[in-house]
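Hi everyone, thanks for having me. Please have the sequence and the 3D view open while I talk, and I'll walk you through a few spots.

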Amino acid sequence: MVPWNIRPTLPALAAIAATLLVGTTGCVHRSPTAPLEKADTSQGYYFHTHVRPNNSSDTLLILCFSGGGTRAAALSYGVLEELRRTQIHLEDGPRRLLDEVDAISSVSGGSVTAAAYALYGDEVFERLEPAFLQSNIQRQLLGRILNPFRWNKLWSKTYGRSDLAAELYDEVLFHGATFADLAKRPGAFTVINATDISTGARFSFTQYQFDLICGDLSQLSVSKAVAASSAVPGLLSPITLNNYSGRCDAWIPNLEAARSHLVNDKLPSRSRFHLSEITSYMDSTNRPYLHLVDGGVSDNLGIRAVLDGLLAIETNADIRNLFDLASVRRVAFVVVNAYSSPEKDWDRHEQPPGTLELAISGAAIPMDRYSIETQELMREQLTRWRDSQRGSTNRTSPALEFFPIEVSFSDIPDAEERRFFYNQPTSFVLPDAAVTKLRSIGGRLLRESKAFQEFLADFQRPHAASSTGSK
């Protein structure tokens, strides 16, 4: 996502100021993450150990929050509000659908809402709007960049513009929270995604990913992960991590088998490509540092972390044994897509668009086109996973059903209303009225979704008794 609106002059000033202060490449900040001596899958920020109380074992509900600045954060927030309002009825009584959410995968602007909900739970409905959604984060960040008392730090080789953003996010919303704090919080397991700028691969802030580099995620601040997830290349500097791979007894399931797959071509091309990305992190000699930027560069919908997880479960027995999915009979994916399509008048003028406008559009266009392909890939992989699960002899519940649900402005029937939301800028500031409308439309689009209604109706059908507890 690109957190700057190209129409006002404020973002242009920010880009100019950033270039003048720290150069075109930007400075980096090395994360204070400590190395692991031994990976321990019984503790740390893992999905398979994360406590989700009063969560039924026959339902897997996953949310994906896209990039798009405050627009994406507000739209995702509206979906959370709707899930809180939605009641389902199980054998042990009524329950909010929000409590059934197992995991959230997010990028960029959507990571703000996802991380805040993971940290605060229901308190997010009191904190997020005044602290972030209705705050001019963009102006505050620009003020810090232009503050001469901070220039000395910005000239440092170990401090960059994304560190300013992380400090701001921490002050207004996260207040020093680390992933150790997230691990202690019951509720949805949240995957904040960035992009490895060297390979273009998705990089997720989970201990699974950090086991590959022998890093201890627990000490990393949540604000640093959100800053990496929204670090637009060129405007914000990368967040840099040390790669300690090879220094710990890392738990890497079937690594040798994975390497043999790469050599012997035993897997489909996408599986082989994903495995090659994973094994690249094992080479700390040639890759001692990892540079992370905006998660939207690799996947602007937050879907790929989920798809890669399903792929790992499908192809790796060691990983599959970590997850008790035999009793799952319904799987729902709610993809909150804050895609916008601002109107441009470029073709009405002889003079072409300027450098800044071209740079921003050049980043957004491939993201949007790539997102369409990602959605198709999700449908294909879910269908394959459903069919494989239906044929499994280890299942203890009826046939698996899945519900791909999308919340998107394209589903707004009224052309003028749709035009309003398409023209909301990708920035970290929006008028309060626009934030309110985004919250409202997020809830409304989810509520009116045919796939969502089918998902709710499935709870009313007679099935084997649902078991509740911690999943």
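**Starting at one serine**

Let's begin with Ser408: apart from its neighbours within four places in sequence, this residue is in contact with Asn337 and Leu445. Contact here means heavy atoms within 4.5 Å. Before I go on, a word on the ground rules: this is a predicted model, where local features need pLDDT of at least 70, side-chain atom pairs count only at pLDDT 80 or more, and totals for chains, interfaces and linings use all residues. Residues are numbered from 1 along each chain as its sequence is written, and side-chain values use heavy atoms, with hydrogens and water left out.

Back to Ser408, which sits in strand S13 (residues 401–408). When I say helix or strand, I mean DSSP runs numbered from the N terminus: H or I with at least four residues for helices, E with at least two for strands. Is Ser408 buried or exposed? It's buried, because its relative accessible area is 5%; buried means under 20%, exposed over 50%, and partly exposed in between, using a 1.4 Å probe and protein chains only. The side chain of Ser408 also makes a polar contact with the side chain of Ser410, at 2.9 Å. For that term we need a pair of N or O atoms within 3.5 Å; within protein, one must be able to donate a hydrogen and the other to accept it, and residues adjacent in sequence count only if both atoms are side-chain atoms.

**Zooming out**

Now the whole chain. It has 18 helices and 13 strands, and 56% of its 471 residues count as buried. If you take contacts between residues at least 6 apart in sequence, 82% of them join residues at least 24 apart.

**The disulfide**

How many disulfides does the count come to? One, where a disulfide is a pair of cysteine sulfur atoms within 2.5 Å. In general, it's a covalent bond between the sulfur atoms of two cysteines. Here the partners are Cys214 and Cys248, with their sulfur atoms 2.0 Å apart. The link is left-handed, with -75 degrees about the S-S bond. It joins distant parts of the chain, 34 residues apart: Cys214 is in the loop between helix H9 (207–212) and strand S9 (215–216), while Cys248 is in the loop between strand S10 (239–242) and helix H11 (255–264). Both cysteines are buried.

Cys214 has another thing to show you: its phi is near 55 degrees, a positive value in a residue other than glycine. Ser108 also has a positive phi, near 50 degrees. You'll find Ser108 in the loop between strand S6 (101–107) and helix H3 (109–120), and it counts as buried because its relative accessible area is 0%.

**A hairpin and a helix**

Next, find strand S4 (residues 87–90) and strand S5 (residues 93–96), which pair in the antiparallel sense over four bridges. Pairing means DSSP finds at least two bridges between two strands. S4 and S5 form a hairpin with two residues between them, and Leu90 has Gly93 in S5 as its bridge partner.

Last stop: helix H4 (residues 124–133). Why call this helix largely enclosed by the rest of the structure? Because seven of its ten residues are buried; among them are Phe125, Leu128 and Phe132. The buried residues of H4 pack against several helices, including H3, helix H5 (137–146) and helix H17 (432–448).
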